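Please look through the sequence and the structure shown below before reading on.

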Amino acid sequence: MTGPLFLGLDVGSLSCDAVLVDRNGRSVAWTVLPTGARVLDTVDRTRREVLELAGVGPAAVAATVATGYGRERVEGRIAAVTEITCHARGITALLPGTDVLVDIGGQDSKAVRLDHSGRVVDFAMNDKCAAGTGRFLEAMARALEVDVPDLGDLDAEARTGLTLSSMCTVFAESEVVSLVASGADVAEIVAGLHRAIAARTQGLVRRVAPQFDGLEVAMSGGVARNRGVVRALAAALGRPVTVPDEPDTVGALGAALIARDRALAADPAP
Amino acid sequence: MTAGSPPLVGFTCRHTPLAMLHAAGMTPFRLLPLTQAPDRAGAWLHDNLCPHVKRVLDRALDGDLPPLAGVVLMASCDAMRRLADAWGTARPDDRVAVLDLPMVDNPRSVAWLTAELERFRTELERWTGRTVTDAAIRSAAADLATLATRLDELAAAAAAGTLPGGWGALQAARNLTVTAPLDESGRHLQQLAGSITRGKDPDCPASLPVLLVGNLLPDPTALSLLEACGARPLADDLCTGARQLVAVTLDDVPDGQVTLRLAEALLAPPHCARTLCPGEPGRWARELATRARASNAAGVIAHVAKFCDPYLARLPALRLELREAGLPLLVLEGDCTSGSVGQHRTRIEAFVEMLAEGT
Amino acid sequence: MIRDHFAELVTGLEARLADAGPGEPVARKTFALEAAQLGLRLFSGEAPVAWCGVLAPFDLLHAVGFEPCFVEFVGATLAGNGAAPPLLQLAEAEGADPTSCSFHRTALGAVASGLIPTPEVVIATSAPCTGGLAVVEELARRLRRPLFVLNVPHSRHQAAVEYLAEQLHDLVGFLAEVTGRSLHPGRLREVVELTNRARHAMVEIDRLTRHVPSPARPRDLVNFALVVSLLLGREAGVRVTGAYRDELERRARDRSPGLQGERLRVLWLQNRIQFRSPVEPLLEELGVAVAVDELNPVTWPPIDPEDPFPGFARRMLSTPLVGGLAHRLDHVVRLARGYRVDGAVNPCHWGCRQGSGARGLVDRALREAGFPVLNLEVDCVDQRTFAEGQVRTRIEAFVEMLAERRPARELEA
């Protein structure tokens, strides 16, 4: 492989993601590692791993942009750019024409409104509580004694429209335990959980897009891997929701593309 | 609503001059915060506003409303002011009247409210194309007073355990009186009164008498649930309960003074916590404590909508007054539905157990 | 504790002003000194204090002979000192709702801990908020002082002005009855003339700060109009507003920007964060100037010294946070255009029903007018809940977005 590469690092509180792109903006390698307690070590390991996967050494990287909560701690970056801007850039590359991006991560969620050229025109965040995020689903999966990755398909048989009355992660967990103890069907409970997340998320989306008619909606973040949540959100919005192949790395991809854009603008032949 | 029935006017506050709506040939329709409409109000206003206002706005945004000839909103508190703003923006084609409601009940405020009612009279006449006479207001007030008296009798029966369906049935009747034409409500209340039994239902589980206070709890299931938890209200002081219909006698009030008398009645005690008496700060809490003491209640349950500043700000004073009266207080903050009362089940049952231990 | 804080402030500011060299900015220090001296008088235990709602006519009360102040001043002062948390905890332990406004909760905590000097009277205003009204009522109840309530009407037409003006006359009568302090017409005239002089200077300040780049330094106008309202009707008010006018005139004439490297301008809605937070330094670092605060510009006409009561009433009713929202929306859109901002920042102060409760409608109006809005969702007084990483991310994302919209402006790498 010849030519300079551009690195995007998304240092989140739960996972550290890295994406390498070439000068054409094509992704050549990516990786995801759990952040853990030692952020700087993880950033180093993530960098090394993505370079190994690409079969290149550090010198191949012409520019790095960092995003995520730990972005200011990444050394050797040309810029720290927020995950809002990076996610917008990433989703526009993967799904051009996206009007609204819903990103639900481990412990926060956001809705981003994009214009026709993929620029951010508005955004809304829920970073005050875990309700509706990956943490919420982890707690519920624990209460149901199932694995998080299996949640997505478990609601397929649900019919009754069971609803949860609490969105607080702590109280919802108690409620799920009570429902299980009273013999409620797991599929119904899981469907209720997915509907609860969708209801909360659609409220966030409305803050950036009061009307949904005709809007192209995409979803990113770890929770986007849960097909049940995606289905429930599509039902709540009345619009199809598209999920790219690797929804967790949209932010890192966006960061890599921004690194490329800025580096080439400064020096078209780095 | 059936064909030929009077047109409906939506309202949300117990301070609404219902007699004027009836006098205009319209039927008041209380917009209760009970709906399956999706949560949209947070995006139009803010998530942390009271669920009363949010759910009413959700209904408006979702079209979960009967056909309304108009809406009248009282500027009773910050959340209601925001509801009026949002409604006007979200449904610009609706006819919406916003009436100022003073925060105090002194003569100058009564005069101001009277002027607002006169302004509203003109608005109603514009809406309906007919004159709203003092005579018609008098007549409607008398009918509403009759309904209020009948409801008081039903409430006494519910408190005594002799009303089939108990407080749930009472609440359903209360809801009907603010959503149906006067004659239909009258008929229903008469029927219900006829079903009152002589003695208490022997199968009725033992319960402890409480005074139920607060703002909104319109869901009949919520009240039944309260009784099922062993708490039997002896009386209530709720906006959707005993304070909902303002009973005022206007028979001896001459023409030209009718709206003044109506304004006095709307601002008179028993007060919503938002109305205060400058000469007696803290009067609301004192009056409730006096009432609780005078009744045979073993304790007080306050059900308050979340984020309701006028109520939440005054609860500490209420707790102090009740403590002096030797009466325990249980505060439940909720979303005005049976769902949130259900979530409070354990606390209500624990409170009842505590009261039972004490008696 | 609070008295000592003000005494130290006074000493320190007097020394700094005495040492100030020619050309050194002194307006903000002059303002801070007058506010500190006011604070000292309030908490000395000697002045006839009137604790009030924020819209009370402080110049009128001063004319009657009071040292009036609004209760939120306590919350703001303590927060600025980092001293709010223990009082918030105390208030909550006594039952204050934690979802309510912390300006008020801090004041309740201060009352509960005996930090508030007993006033002669308590004067509540029903606007801007019902929460504030309830807290002032509670203050009157706890401190067992006479209470007067100014019922601020929802509308602004002439009848509303008259209603409010009549209540102000009632207020004067009430004060004479319960405290023996009367209003002398000559004194009132003097006070109103001083108010109008200060107002005139404030109008000039509004005009001067429209310059691009803004001549106002980042902290110059924080809490300006709110605290100046306490100095209206006094020589201090004329002095402070005059000092600002002169300084801003000089800076505008010399084309001396308040923020070096101003590259973006924002409108700040409602209240500033009262405790020391990284928000303002971050905005400065990113080259963002707060071109105007929503509550600073003058919205009221001069008051007629011969018949001031309607003027006082009009002033109260002109506040953007009173009555229906349409008035406020017009105001903020006009400011955004007039001050040529790139966007608006709404702190969405926790617990503020009337202000933050309008978040969505304010967003909509500004967005439709072409101005993006950043909602911070912070508590302006309770620093316990401040989440720096989250707020930083929101601000940076907003600035990234604004910068993308203005490629003509110089961008720093």
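How many bridges join strand 3 of chain C to strand 4 of chain C, and do these strands run parallel or antiparallel?

## The sheet of chain C

Four bridges join strand 3 (residues 121-125) of chain C to strand 4 of chain C, and the two run parallel. This is a predicted model, in which local features need pLDDT of at least 70 and side-chain atom pairs count only at pLDDT 80 or more, while totals for chains, interfaces and linings use all residues. Residues are numbered from 1 along each chain as its sequence is written, and chains are lettered from A and ligands numbered from 1 in the order in which they are written. Helices (H or I, at least four residues) and strands (E, at least two) are DSSP runs, numbered from the N terminus, and two strands pair if DSSP finds at least two bridges between them.

The open sheet has four strands in the order 2-1-3-4, with parallel pairing. Strand 2 (67-70) and strand 4 (147-150) of chain C stand at the edges with a single partner strand each, so one side of each is left without a neighbour in the sheet. Neighbouring strands are turned by 20° against each other on average, direction ignored; axes are lines fitted to C-alpha atoms, for helices over the stretch in contact, and angles run from 0 to 180 degrees between N-to-C directions.

## Where chain C meets chain B

Here 39 residues of chain C are in contact with 40 residues of chain B, contact meaning that the C-beta atoms of two residues, placed from the backbone, lie within 7 Å. Helix 7 of chain C gives the most to the side of chain C that touches chain B, with nine residues. By class, this side has 15 nonpolar, 15 polar and nine charged residues; Ala, Val, Leu, Ile, Met, Phe, Trp, Tyr, Cys and Pro count as nonpolar, Asp, Glu, Lys and Arg as charged, and the others, Gly among them, as polar.

## Chain A and its domains

Eight residues of chain B are in contact with nine residues of chain A, and helix 14 of chain B supplies the largest share of that side of chain B, three residues.

Chain A is assigned domain 1 (5-88 + 249-266) and domain 2 (97-243), with bounds that come from an automatic or database domain assignment. Their centres, taken over C-alpha atoms, are separated by 27 Å.
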